[in-house]
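Please open the structure in your viewer and keep the selection tool at hand.

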Amino acid sequence: ARFKWLVNEWGVEKIREMLEGKLGKPFEPYNGLVFLKNSNHEGIQPQSQESKCYINIPILGGRLSSEDMIYLADIAESYGSGELRLTPTQNILIPDIQNKEEAVKKLGKRNFFLNPPNLKWSSIACSSDFCGKTIKPHAKQVLRSLANYLNENYKHELLNESGIIIQVDGCPNHCCASSLAEIGLSGALAKIDGHLVQTYAIVLGGGVGPEPSLGRIIERGISSSQIKKKISILLNYYIENRKNSENFRDFCNRYSEEELKNLI
Ligand code: SF4
């Protein structure tokens, strides 16, 4: 993520020249696949080998206790091939499952459920609690708090239809690309009354896909305790005013930054 600062300083052309110099030939134009979604491997999915499937377990922020890790490793050994994989959206995937009913039952016994809204599979937060650039509340805490709140207070069909994904960064290095999510939270330290506090900016309307867009910063310097209320006001407004089944990103991008700020 921090490479972007160099791109910003040098400009795209200089970066291209430098890379082509190292490669020894010019780049060819890219006409391949584009990312259509952050993830499309939620839950139980078939494998190409008949009778086998894989299970993608939503972890939300990618943090597990040692006991949970051992529990999942045991499931992988008992029902799969003993292999576990980590996904770019901070989940855990168990491949080569043959008895999915039993594996799912076992997962449920330790509260690993496969029926949350998509945002629990696709939302991510950076490792700000390890990298030392921020103070509490850290990005993963903020993500869990907001995603669980939405999960408990809004219909899952509505959340899925909205296409909302949350991406939280602890600082402007943006390791979790908060400007590429429908709801981004971009952290920054601020001095308030002589005390250093961790604040977040709300970034709305970003996302990948055939028409990618960068989110816009709507409000800065928000304390983590205000985030749920502000997002909830916005989501309620979205529910009342969206056009047909308009998703949250398109809805946000219909309004100016000023209008969105006034709403929250
Ligand atoms: S975004 Fe900032 S706080 Fe988060 S991991 Fe990257 S450098 Fe650390």
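Predicted model: local features only at pLDDT ≥ 70, side-chain atom pairs only at ≥ 80, totals over all residues.

Residues are numbered from 1 along each chain as its sequence is written, and side-chain values use heavy atoms, with hydrogens and water left out.

Helices (H or I, at least four residues) and strands (E, at least two) are DSSP runs, numbered from the N terminus. Two strands pair if DSSP finds at least two bridges between them.

**The sheet.** Select the 5 strands of the open sheet, ordered E5-E6-E7-E8-E9 with mixed pairing. Strand E5 (124-125) and strand E9 (216-223) are the edges; each has a single partner strand, so one side of each lacks a neighbour in the sheet. Next, select E6 (residues 166-169) and E7 (residues 183-192), which pair in the parallel sense over 4 bridges. Here Asp169 stands opposite Ser186 in E7.

**The helices.** Axes are lines fitted to C-alpha atoms, for helices over the stretch in contact, and angles run from 0 to 180 degrees between N-to-C directions.

**Where the helices meet.** Which angle do the axes of H7 and H9 make where they cross? The axes of H7 (residues 139-153) and H9 (residues 224-241) come within 10 Å and cross at roughly 35 degrees. To view the contact, select residues including Leu146 and Tyr149 of H7 and Ile227 and Ile231 of H9.

Notes. Contact = heavy atoms within 4.5 Å.
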